[in-house]
Structure formats: structure tokens, C-alpha cells
Amino acid sequence: MLSRTFPIRETILAGAIVVLLALIASRFAGFIAPSNLARVFNDTAPLIILALGQMVVILTRCIDLSVAANLALTGMAVAMINVAMPGLPIPIIIAIAIMLGAVMGAINGVLVWKLSIPPIVVTLGTMTIFRGIIFLISDGKWVNSHEMSPAFTGFPRAEILGLPVLSWVAIVTTLIFAVMMSRTPLGRSIFAVGGNPHAAVYTGIDVGRTQFQAFVISGALAGLTGYLWVARYAVAYVDIAGGFELEVVAACVIGGISIAGGVGSVGGAVLGAIFLGVVKNALPVVNISPFWQLAISGSAILIAVAFNASAGRKKGRIILKSAEVTS
Amino acid sequence: MTDISTDRSVPDRLNSRTYRTLRSWEALLLAVAIAIFVVNSFASPYFLNAWNLSDATFNFTEKAMIAFAMALLIIAGEIDLSVASIIALASTAMGLAAQYGAGTPELVLIGLTVGLLCGAFNAVFVTVLGLPSIVVTIGTMSLFRGISFIILGDDAFRGYPASFAWFGQGYIYWVFTVEMLLFVIIAVIYGVLLHKTNFGRAVYAIGNNPTGALFSGIRVQRVKFILFLLTGLMSGVAAICLTSRLGSTRPSIAMGMELEVVTMVVLGGVNILGGSGSIPGVVIAAFVMGLVTFGLGLLNVPGIVMSIFIGLLLIGVIALPRLWAMIAARNKA
């Protein structure tokens, strides 16, 4: 019972984050001031949202490397829409962003579902295609803050109960995912498809369709983040969030989501993202060049994946155990 | 008498060797290459020029060197996404050594050694710890380039010795570059290795059925280890050529090249799921990609738009045969 409320891996990760914070605080007490922690969380919010989408995809034994390109393309598209039609209300902008992202996710999903092309190949391809399309629609130009309407850039920074909207979006997304993964047929089939695709078919789950749905979810979240990102930084250009897909995958792997599918949790993905967020924000504080960031997330992926493998897969949440394990 | 002979006639689906060759993926690819060549020579008056064509080969020689090793790796059912980052790290190491006055032979040695070490690093994670190669090489992709960023930051290394330029800028005879010679030599080596040796047979066996390969006495992990080493080594060779050609090193060198290498391999008819493919296919695919990018370049298409073509090519090459098969199956039903 206790291990259900406090899963071992999430506890270790949460402990690691606390130790990390304590280490930083021992030299720079200001880092753990509530206002600064809120700032770090806000900075990590896009990573949390994307990691949740990536988690769903990885759980179904796929991977989505096109999330950052999707984010950048949607961001550029909504920024250009905003420049063309400054009066357009923000809810419509957000709806457009989610729709656009979902469509791009659906393209990935259809290729994986209907043509059974390996997801890594599909999303490597769409990653460059999406980036290229940004260049085509923007002509390589930037959309700068003075061209965007105040409402467009103001939305993610508006504060509710002391936290910016961006943070709230991450919190709400996390809550929705917590319910979706544990209380709905979709969440259950996502786990089942990754845990044992053959058994999933026998229980009446369409494996390809579930993978398609996972890609659409991941795409929709990337689209939403695309608007939030562009609005928060008040700039859109071809290369925004370049290489961010690796950080997203890193957050998932650190969070204990098995790349072999079927094992992972919402809490893990969120903690993995927060871990990376704390590291990223702590680097300038402890006077380490930001150029270390890339190598650190790379090492984190390797350490986490090696750790996951040694911890064994049996402890994870596999709904449908494979025949080899039970017999 | 005649009755017996008709009974024992060979069924007509066992086609002759020439027929199978003509219908193969390689033949189709060759036709595409020729078509692109013809279209290009009409589209731009600058295309049919020996020196321009010679310059165009730089579009694919370095990538193809890695693609040959990557082809073997993919046939064996693994993948290495860190190749471009290995180039960055090897190039950074060479740049660092050049700062301390290393000569050309030392630089070459350093480039190859760093490539091998990076390959060995990937290999240990995949074969000794038994981790999936996609995740490991996504991790090392960040790690290797990350180390380059730590060393270089915003800076660049220049000041390579003059003799070092030979690899990327030298000519053997008339328009034939040093890189072209390397490309041919490496293609022949890998062609023989894959198609004429026990090792090559083992690579196919592992890709088709790793368990079956293990039970038939193939040291699966050792073969995979060697394949990762070879891919690392080839990335080192490519790093030498690219650094020598550019004459400088930035941490963003060869960014995104892993995609083009994988595309080249898949375009060459190698099954992305492992088990089948050929080196001649990859050679022709290298020419096709080189001709496409060169042709688009002559028509003033920017690089990032070309990458759309590469991405579409990668997906299209895998998608079209499957679509074709699906439509054929539907018509039959």
C-alpha cells in the first residue's frame, strides 16, 4: 500500500531534487526563496507540458522527435496570424495552436499507424520538414515583440493567485494527465499497448489507433506550448526551441519512462522535467557556463537509462505481462 | 516423354537473374539518378561542367563514408544517431591539438582515435549494458556535442597546418578529389566486407534473427560492438575531411548530418528494421542525394528548404512501397 502511494522511483527522484536544491542553497540561499522557486517552475513549465505528451508516445513504444519543430512551426504560425489580425481573441489563437499541433501530430500518427513506418524515422523526417516549412512561411524573417499585440504576449505572463498562466497551464495539464492515465479507457489502453501489444490486440485494443492518438496528444500539447513559448519570449523565428526534443526525451527517460514502452508515470515525467529545470536554472547561479547544459542532459539520459535497465522492468506498471515472464 | 517434361517444367516465377537485377531497388534508384542528372542538365546551364560536378561530390562524399558503416549497423538492427556529434567532438579535439602545434599526422591520428573512442562508448552501452541503441545514441548525441560546446563555447578553432587542407581540398588528378578517392576505397572495403565475408553474413543473420544468429554460433554482441566501432571510425574519417575542407571548427559543425546519413542508407534500400540492404544501393543513393542537393543549389534553393526534400525523401522512400503493397492487396481482395 505504501509503495503505491510513494512509488520507489518517484521518491528517489524527488529526493534527488531536494538534495540538489539543498546543495545549491548551502551556497546561494536565495535560490530556494519561494519567489525564485516559482520562477524556476515557470521556466520549466513548457518542458513539463511537452514531457507529458512525450510520455504518452513513449508508453506506446513510439518516440516523437518532431515536438520542438512542431512547437516552432505552430508558434510562428500563430505569431504571423497575430500580426495579420491583431484583434483576434486569445482563446481563438490558443484553439488554432492546439489544432495545428494536433494536425502535425496526426500526420506522424497516420504514418506510424497506417503505413507502419518506424516512429523514429517518421519523426526525424517530419522534424526537418516542419522546420523547413517555418522558413517557407516566414521567409526566414523574425516576428518581433513590437509586432505582436499586447494581449498576445501578455497572456502567459498574466498572474492568477500569484502564479503566471504558463505555470497554471502546466499544473492543469498535469492534473488532466493524472486522471486520464489512471481513470480512463484511453490511459489504460496506452499502458496496455506498450506493455504487451499482442495481448492488447486480444483484449480488443487497436494498437495502431492508440499510437495514433498518442501522437495527436503529443502534437496538440506541442502546439499549445508553441503559442505559450512564442508569447512568453515575444519572438518567433526558424530556430526557436532548436534541439529541445532531446531535452524532452531526457526528461522522460530521467523520469523513469521506459523507452521499451508500457512503464512510466505522470509523476515521473513531471519530476524528470523539474530535475532538468532545476539543473538548468542552477548552472548560472553556481557560475557554470550555460554551454554545459547540452552535455549534462546527454549524461542524464545515459545515466537514467542505465539505471532503469539495472532496476529491472518488473517493478513498473505492466498491466498485461508478457508470456515469457509469467510462464 | 513430352508429358513428363511439361510436368517437371520450372514455374515461371523463378525469374532469371537479369530480370531480378532489372527489377531490384538498385536498378530503380539508378534510373532515378539518371533522370535527375538529365533534368538538372536541362534546368541549369552550369550543371554539365566537370569542375562544378566535382564540387558537387562534396555534398555526399563525407556523409557517404559514414553511411556505409551505418548501413551495416542498420542491417544488424541497430542505429547510431550520434554520428554528427562524433564529428563535432573529433573536430574539436583536432582543433585543440592544432592550437598546441600538432602536425597533420597527429591530427589525423587524433581524429580517428576520438571517432573510435566515441564508437566504443556507444558500443559499451548497447552491447555490454544491453540498452536500446536509439536511446543511447540520442544521449551521446547530446553528450558528444555538449563536450564540444563546453570546450569551444562561442569560439571557433582555426589555424590548421597548411598540409592538413589536402584531405578536404586536395585533388588526386584533374577534377578528382582526395575525398572521392577515399569514398571509392571505403565503398569497396565495405562492399567486400558485407557481401563477401563471413562477417557480412553474420551482420545479415543478426538483423534477421538475433536469437537464431546466437544459436548458430555467431557472437552477436561482439559483431555489434565492431559495427559501432566502425561507425565511430568512419565518423572520425568524415570529421577529418570536413574539418580540412572548412578549415575551422565550431561546435555546431555537421549539425543534423545524422538525418542525412540515415536518409542515404534508407534511400539505398536498406530495411530500417534490419536484415536486408546492399552497399551498391547506398553508393547510388549517395549520388542521388548529391545530385538533388547540387541541382537545387544551382537553382538557388536555400539549404533549409533542401532539408524539406531530404525529410520527404526519407519518409517517401519507406512509405511509397508500403502504400503500393497496400493498394495491390486491396485490388486483389
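Colleague: Is A:I24 buried, partly exposed or exposed?

Modeller: A:I24 is partly exposed, because 19 other C-beta atoms lie within 10 Å. By the rule used here, a residue is buried if 20 or more other C-beta atoms lie within 10 Å of its own, exposed if 12 or fewer, and partly exposed in between, with C-beta atoms placed from the backbone. Please note that this is a predicted model, in which local features need pLDDT of at least 70, side-chain atom pairs count only at pLDDT 80 or more, and totals for chains, interfaces and linings use all residues. Residues are numbered from 1 along each chain as its sequence is written, and chains are lettered from A and ligands numbered from 1 in the order in which they are written.

Colleague: Where is A:I24 found, and which residues does A:I24 touch?

Modeller: A:I24 is found in helix α2 (residues 8-27) of chain A. Helices (H or I, at least four residues) and strands (E, at least two) are DSSP runs, numbered from the N terminus. Leaving aside residues up to four places away in sequence, A:I24 touches A:F31, A:A282, A:V285 and A:V286. Two residues are in contact if their C-beta atoms, placed from the backbone, lie within 7 Å.

Colleague: What separates the C-alpha atoms of A:I24 and A:A309?

Modeller: A separation of 29 Å lies between those C-alpha atoms, and A:I24 and A:A309 are 285 residues apart along the chain.

Colleague: Which phi value does A:N287 have, and where is the place of A:N287?

Modeller: The phi of A:N287 is near 65°, which is positive in a residue other than glycine. A:N287 is in the loop between α13 (266-285) and α14 (292-311) of chain A. A:N287 counts as exposed because it has 8 C-beta neighbours inside 10 Å.

Colleague: And what is the phi of B:W174?

Modeller: Phi of B:W174 is near 50°, again a positive value in a residue other than glycine. B:W174 lies in the loop between β1 (171-173) and β2 (176-177) of chain B, and B:W174 is exposed, with 8 other C-beta atoms within 10 Å.

Colleague: Changing topic, how many residues of each chain are in contact?

Modeller: On chain B, 38 residues are in contact with 36 residues of chain A. On the chain B side, α8 (133-152), α14 (257-267) and α16 (303-332) each supply at least two residues. The largest share, 14 residues, comes from α8(B). The chain B side that touches chain A divides into 28 nonpolar, 8 polar and 2 charged residues. Here Ala, Val, Leu, Ile, Met, Phe, Trp, Tyr, Cys and Pro count as nonpolar, Asp, Glu, Lys and Arg as charged, and the others, Gly among them, as polar.

Colleague: How many residues of α14(B) are buried, and what do they pack against?

Modeller: In α14(B), 11 of its 11 residues are buried. The buried residues pack against α6 (119-138) of chain A, together with α5 (61-75), α6 (83-99), α15 (279-298) and α16 of chain B. After α14(B) comes B:G269, with a positive phi near 95°.

Colleague: What is the make-up of each chain in helices and strands?

Modeller: Chain A has 15 helices and 2 strands. Its radius of gyration is 20 Å, close to the 20 Å that the globule rule gives for 327 residues, so chain A is as compact as a globular protein of that length. The radius of gyration is taken over C-alpha atoms, and the globule rule is 2.2 Å times the number of residues to the power 0.38. Chain B has 16 helices and 2 strands.

Colleague: What share of the residues is buried in chain A and in chain B?

Modeller: In chain A, 50% of the 327 residues count as buried; in chain B, buried residues make up 47% of 333.

Colleague: Finally, what are the confidence values for the complex and for chain A?

Modeller: The predictor gives the complex an ipTM of 0.81 and a pTM of 0.86. The mean pLDDT of chain A is 88, and 93% of its residues reach 70 or more; pLDDT is the predictor's confidence in each residue, from 0 to 100.

Colleague: Where does pLDDT stay under 50?

Modeller: In chain B, pLDDT stays under 50 over residues 1-7, for which the model has 0 contacts beyond four places in sequence. In chain A, pLDDT stays under 50 over residues 313-318, with 10 such contacts, and over residues 321-327, with 2 such contacts. Where pLDDT is low, the predicted coordinates should not be read in detail.
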